[in-house]
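Dear colleague,

Please find below the structure that I promised to pass on, followed by my notes on what was found in it. I would be glad if you read the two side by side.

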Amino acid sequence: MAEVAFEQVQKSFGAVQVLRHIDLTVRNGEFLVLVGPSGCGKSTLLRALAGLEGVTHGRILIDGRVVNGLPPKDRDIAMVFQNYALYPHMSVQENLTFALKLRNLKPQEIEVRAREAATILGLEGLLERYPRHLSGGQRQRVAMGRAIVRDPKVFLFDEPLSNLDAKLRVQMRAEIRALHQRLKATTVYVTHDQIEAMTMADRIVVLNGGVVEQIGAPLDLYDDPDNLFVASFIGSPAMNRFSGVYEHTADGPRVRIADHALPAPDVNATPGQRVSIGIRPEHLVPHADGGLPFAVDVVEPTGASTELFGSVAGERCCVLINGRAALKPGTVTALSAAPEHVYLFDAQSGQRLR
C-alpha cells in the first residue's frame, strides 16, 4: 500500500491541454474512482500515473517518491486494462506467472503467489485453460490475478468492465470491491459509468475538460454538488434542470419556472436573478393540482419503480416513483418538491448558490 500524489500536473498534446493543474492525493489503502465524460482526461491521468504517458508539468509521487522519470516497471504498480491484455498462447497459470518469472523469483514463491491469486478469484479450476476458452468475466479475473501476484503498491483499473454485459458488470463490481476490502490496497479506478463510481468508491473525483470539478464520498457528491455539472453527472436518472427566476415573497423564497412557482431554499441570490434549478427525479412528487404542470410522454415500469418522462414548461423532465404508477402517456399532472430538495445554480457560471 502507498499514498499517491499529483502536484500541479498538466498534460498537453500539442496545443491541446488535456490535464489542467491537477492537485490530488490518493490516501493509503483508498479506493479512488476517476469519473467523467469521454475526453475529460481521466484515462490520461491514470496512464501518467502508470508511466505510459509523460506529463508536461508537475510531479507524481508514489509512497513519497517522485516517479516522473521512472519507467512503468520501476513504479511498483499493476494495471488492469479494458481489453484484458492476456497472452492468448499462454494458459491461465502461465499468464499469472509470466511477470514473476521475468523478475527471477524462485519457482516455489511463484507457485505460492499464483495459487493464492487463483484462490482469491475462484480460478483454481481454470489454470490449464487458455483465454479463448474463458468467458469475459473469467478473462477479467485472470487479468486481475496477474495484477495481484505482483503484490504492487498501487492497483490501477482502466474501465475494466466496459466489455462485459450488464449482469456480469454488476457481479464484477461486487467482486472488485470485495477484493479491495480483502487486500486493502491503494486503488485508482477509471470509469465513465457514474453507477460504477457510486457503488465502488471510497471517494470520487469528477473530471471535466481536464479540470477537477469536485472530490468527495459518493453520497456527498450526490447530496451536495458544488456545481451544475457534478449535479447533472452524478445520479441515474440524471437530475432535472429547469431555467427560472429567484424571488422573495411574503411566504418565503420561491423559484419561478414559466408561470409557476415552487418553494426554494434561502440562498445568496438577489430577487429577479436568473438561476438554473436542479431537482432529482425521486424528489418530484405528482399530485392532483397545484405546482408545476407535467405532461407525461413515456412511462417506463421497471418493477420496483416507475420512471415517467415528459416536459415541464417546454423542458425535459423525469419523475421516479416507487412501485407502480397509474399515470399514462398523454396525462397531465402537477409536480411539487420540498425546498430542501431544490438545488439552485448561477445561470451563467453553473456554480451552486448556497
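**What was found**

Among the contacts in the chain with a separation of 6 or more, 65% are between residues 24 or more positions apart, where contact means heavy atoms within 4.5 Å. Please keep in mind that this is a predicted model, in which local features need pLDDT of at least 70 and side-chain atom pairs count only at pLDDT 80 or more, while totals for chains, interfaces and linings use all residues. Residues are numbered from 1 along each chain as its sequence is written, and side-chain values use heavy atoms, with hydrogens and water left out.

**The chain as a whole**

The C-alpha trace spans about 80 × 45 × 35 Å along its principal axes, and the chain holds eight helices and 20 strands; these are DSSP runs, numbered from the N terminus, with helices being H or I of at least four residues and strands E of at least two. Of the 354 residues, 49% count as buried, which here is under 20% relative accessible area, with exposed being over 50% and partly exposed in between (1.4 Å probe, protein chains only).

**Two domains**

The chain is divided into domain 1 (4–232) and domain 2 (238–353), with bounds that come from an automatic or database domain assignment. Their centres, taken over C-alpha atoms, are separated by 38 Å, and ten residues of domain 1 are in contact with eleven residues of domain 2. Between them the two domains bury about 970 Å², 47% of it on carbon and sulfur atoms; buried area is the accessible area (1.4 Å probe) that two parts lose on being put together, summed over both. The count between the domains is one salt bridge, that is, a side-chain nitrogen of Lys or Arg within 4 Å of a carboxyl oxygen of Asp or Glu.

**Sheets and hairpin**

An open sheet of four strands, with antiparallel pairing, has the order S2-S1-S4-S5; two strands pair if DSSP finds at least two bridges between them. Strand S2 (16–26) and strand S5 (65–66) stand at the edges with a single partner strand each, so one side of each is left without a neighbour in the sheet. Strand S1 (residues 4–13) and strand S4 (residues 57–62) run antiparallel and are joined by five bridges, with Ile-62 of S4 as the bridge partner of Val-4.

Further along, strand S12 (residues 252–257) pairs with strand S13 (residues 260–263) in the antiparallel sense over four bridges, and Pro-263 in S13 is the bridge partner of Arg-254. S12 and S13 form a hairpin with two residues between them, and Ala-258 in the turn has a positive phi of about 55°.

**Cores and helices**

The largest nonpolar core has 45 residues, and those with the most contacts inside it are Met-144, Ile-176 and Tyr-189; such a core is a set of buried Ala, Val, Leu, Ile, Met, Phe, Trp, Tyr and Cys residues joined through side-chain atoms within 4.5 Å. A second, separate core of 28 residues includes Leu-19, Leu-46, Val-154 and Val-205.

In helix H2 (residues 92–102), Val-92, Gln-93, Asn-95, Leu-96, Thr-97 and Leu-100 are buried, and what covers the buried residues of H2 includes H3 and helix H4 (136–148). Thr-44, placed in helix H1 (residues 42–50), counts as buried at 17% relative accessibility; leaving aside its neighbours within four places in sequence, Thr-44 is in contact with Lys-11, Phe-13, Val-18 and Leu-19.

**Salt bridges**

By the rule given above, the count comes to 16 salt bridges. Asp-63 forms one with Lys-153, the closest N and O atoms being 3.2 Å apart; the pair links distant parts of the chain, with Asp-63 in the loop between S4 and S5 and Lys-153 in the loop between H4 and strand S7 (154–158), 90 residues apart. The side chains of Glu-175 and Arg-141 also meet in a salt bridge (2.8 Å, N to O). Glu-175 lies in helix H5 (residues 166–183) and Arg-141 in helix H4, so the pair ties together parts that are 34 residues apart in sequence. Arg-141 counts as buried at 14% relative accessibility, whereas Glu-175 is partly exposed, with a relative accessible area of 25%.

With best regards
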